[in-house]
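Subject: Structure handover and what was found in it

Dear colleague,

I am handing over the structure below, and after it you will find an account of what came out of the analysis.

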Amino acid sequence: MPFPTDDTRDRPWLMRTYAGHSSATESNALYHRNLGKGQTGLSIAFDLPTQTGYDPDAELATGEVGKVGVPVSHIGDMRALFDGIPMEQMNTSMTINAPAMYLLALYLSVAEEHDADFGKLSGTTQNDIVKEYLSRGTYVFPPGPSLRLITDMIAYTVANVPKWNPINVCSYHLQEAGATPVQEVAFALCTAIAVLDSVRDSGQVAQEKFGEVVARISFFVNAGVRFVEEMCKLRAFGRLWDDITRERYGVEDPKQRRFRYGVQVNSLGLTEAQPENNVYRILLEMLAVTMSKDARARAVQLPAWNEALGLPRPWDQQWSLRMQQVLAFESDLLEYDDLFAGSTVVEAKVEQIEQGARAEIDRILEMGGAVAAVESGYLKSALVSSLALRRRRLESGEDVVVGVNKYTETEPNPLVGGSDGGILTVDPAVEESAKQALREWRAGRDPAAVEDALTALRDAAKTDENLVPVSMTCARVGVTVGEWAGVLREVFGEYRPPTGVAGASGGGHEGSLSAVQQRVRALGEQLGRPLKFLVGKPGLDGHSNGAEQIAVRARDAGFEVVYSGIRLTPAQIVAAAVEEDVDVVGLSVLSGSHLSVVPAVLEGLRANGLDDVPVVVGGIIPEADAETLRAAGIARVFTPKDFEITDVLGEIVDAVEAARS
């Protein structure tokens with residue numbers, strides 16, 4: 001039934017755009033513009049150095065500063081980011097994981113300077129490290145210390161910042177990495193169980209207050225274009241969460257057991273081909289998380305139509321915000337109770353997902369839980385295999401993607417016809433400016449206070465002491481993100497999880513691969529050994545899905561594949577190419593750093609006498625940049641429109657044959 005009066009109309013969700021680039025000052029200006037257009041919350045995108053605990057002058061930060069988000073190195077940057085923004089009134093989401101504790105410490109320290117009441121601060125730190133090991137790749141520390149950092153943050157915020165969500169259990173990237181709805185629900189809930197078990201077992205929160213911990217756990221989910229299935233997935237999510245929190249943790253208050261989630265719809269499902277079609281995809285995906293009142297998101301952020309091409313411009317972000325506003329304020333969606341209550345079709349699909357997820361949760365818990373399933377490689381291999389099957393359906397035409405594998409005839413797109421190519425390009429001078437600003441910041445600090453704070457952090461990390469207070473001290477005296485993370489790297493060590501490639505199924509491409517297999521075998525016979533293919537991820541880009549699928553298919557085609565995971569310097573990739581005596585190098589870069597890291601690899605190979613080893617590159621690479629790379633000597637450039645992996649491998653063999661001739 002409709003609501004009887006407009007006074008009882010359901011309130012709109014928080015409306016956000018995921019934004020940040022270049023510098024704190026530039027991003028602050030963007031936030032003010034977006035808020036002025038009616039955006040009701042902030043969603044901060046940090047650049048990759050910040051996300052992985054590096055300062056702009058770190059070797060691995062080369063080419064990455066300010067590209068996919070805003071660089072925040074210290075409290076001065078956080079001050080600039082929130083200049084003129086009323087922090088008590090703002091719901092702020094921060095997509096930050098391994099260094100989440102320190103970014104929260106910087107945020108709270110600036111809030112203190114604003115005389116903000118911590119009891120009124122609201123927002124979220126994403127802070128789900130398990131999914132980083134599986135999909136997004138911005139992990140730093142091993143699972144045990146990572147869970148300790150999350151546990152400390154939860155205990156601190158429940159006591160001191162009660163409206164803050166200290167973790168966003170994030171299934172978003174799991175779907176992009178290949179998860180089925182059942183896997184997305186099960187893997188995310190197992191992560192939540194691991195986190196809640198850690199908080200309970202730490203003894204930092206009294207049992208009678210544990211319901212408050214559960215009430216602050218939020219989720220961040222993905223919504224794909226199969227919007228009926230996605231809506232049912234979210235209903236299943238809510239039922240399972242209610243059961244788990246009541247049965248496993250004894251939480252009696254139904255409000256504390258409520259499944260609270262925000263959503264970003266599927267960015268990696270957007271297409272480079274006919275990108276105008278992405279507008280309709282985004283709308284359908286938004287409907288999945290807004291149409292059902294009983295499973296409606298409380299915060300929504302939409303990508304821009306052109307994110308498969310590059311960084312969106314302010315106008316593109318405005319268009320996505322207006323889509324939300326039209327649905328919320330022009331349509332009658334919020335005037336009705338749940339539209340799907342009593343539907344036998346919906347109920348059957350929800351039951352199917354729920355039962356499948358229960359079985360998968362039980363399987364993971366029998367292994368020892370989410371962390372054990374990460375360390376064994378089970379979760380990663382499952383995702384790589386699922387994505388391989390998804391790609392098989394795409395390449396066979398079983399799954400239709402309009403403009404990509406069907407209905408590919410098109411007129412020229414006027415939206416990308418301007419001089420900017422329809423995207424925002426970050427000025428290369430941003431990186432050097434950030435480095436200079438960092439040098440000036442360090443020179444202006446009290447060195448003794450900084451050293452004392454870092455010593456206190458190091459000492460506390462070796463105990464069971466909650467690390468938020470010492471991190472707050474570090475923030476106030478000007479310690480940088482890289483320095484904070486560097487101390488914890490010393491104490492905790494770093495971690496490289498299983499890649500999932502070795503244990504993954506290739507998805508059944510044997511027939512379509514036969515021609516490439518024959519060519520690879522013939523070249524191998526000429527060499528007297530298998531053809532060697534080094535797949536490399538230079539820089540800090542953690543989107544490894546494409547690299548993993550290339551590695552799995554190349555293995556099935558007969559290549560001997562060398563793939564050691566993400567986050568490698570160009571020098572490390574060159575050293576591996578020399579040591580393994582490879583025949584071709586493939587580089588995957590989606591973060592926009594291709595013009596920095598790819599030439600560095602090429603130059604390193606030449607310096608080591610490997611001029612005859614062809615280098616191919618894949619990623620989100622504008623055509624003008626692709627021409628630059630080809631002119632520099634890159635043999636092939638592949639972008640998301642090159643979705644037929646077997647065809648890509650055929651071109652890679654072409655490049656090897658051309659280099660050998």
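A residue is called buried here if its relative accessible area is under 20%, exposed if over 50%, and partly exposed in between, with a 1.4 Å probe and protein chains only. Helices (H or I, at least four residues) and strands (E, at least two) are DSSP runs, numbered from the N terminus. The model is a predicted one, in which local features need pLDDT of at least 70 and side-chain atom pairs count only at pLDDT 80 or more, while totals for chains, interfaces and linings use all residues. Residues are numbered from 1 along each chain as its sequence is written, and side-chain values use heavy atoms, with hydrogens and water left out.

With those terms in place, helix α8 (residues 181–202) can be described: 18 of its 22 residues are buried, so the helix is largely enclosed by the rest of the structure. Its end C-alpha atoms are 32 Å apart, in agreement with the 32 Å that 22 residues should span at 1.5 Å a residue, where the expected span is 1.5 Å times one less than the number of residues. Just after α8, glycine 203 takes a positive phi of about 75°.

Five strands form an open sheet with parallel pairing, in the order β1-β10-β9-β8-β7, and two strands are taken to pair if DSSP finds at least two bridges between them. At the edges stand β1 (14–16) and β7 (167–170), each with a single partner strand, so one side of each is left without a neighbour in the sheet. The twist averages 25° from one strand to the next, angles being taken from 0 to 180 degrees between N-to-C directions of axes fitted to C-alpha atoms, for helices over the stretch in contact. Helix α8 touches β7 and β8, and its direction makes about 165° with that of β8; contact means heavy atoms within 4.5 Å.

Strands β7 and β8 run parallel and are joined by 4 bridges. Valine 169 has phenylalanine 219 in β8 as its bridge partner, and asparagine 168 stands opposite serine 218 in β8. Ile167 and Val169 point one way from β7, Asn168 and Cys170 point the other way, and all are buried.

Phenylalanine 219 also belongs to one aromatic cluster with Phe237, Trp241, Phe259 and Tyr261. For the aromatic pairs, rings of Phe, Tyr and Trp (its six-membered ring) must have centres within 6.5 Å, and planes under 30 degrees apart count as stacked, over 60 as edge-to-face and the rest as tilted. By this rule the count comes to 16 aromatic pairs. One of them is tyrosine 172 with phenylalanine 220, a tilted pair at 5.7 Å centre to centre and 40° between the planes. This pair links distant parts of the chain, with tyrosine 172 in helix α7 (residues 172–176) and phenylalanine 220 in strand β8 (residues 217–223), 48 residues apart. Tyrosine 172 counts as buried at 5% relative accessibility, and phenylalanine 220 is buried at 9%. The rings of phenylalanine 219 and phenylalanine 259 have centres 4.9 Å apart and planes at 45°, so this pair is tilted. Phenylalanine 219 lies in β8 and phenylalanine 259 in the loop between α10 (227–247) and β9 (261–265), so the pair ties together parts that are 40 residues apart in sequence.

A further open sheet of 5 strands has the order β2-β3-β4-β5-β6, again with parallel pairing. Its edge strands, β2 (18–19) and β6 (164–165), each pair on one side only. Helix α1 (residues 24–36) packs on this sheet, touching β2 and β3 (42–45), and its direction makes about 150° with that of β3. Strands β4 (residues 91–95) and β5 (residues 122–125) are joined by 4 bridges, and serine 93 stands opposite threonine 124 in β5.

Finally, the buried residues of α17 pack against α6 (143–160), α18 (468–477) and α19 (481–492).

Best regards
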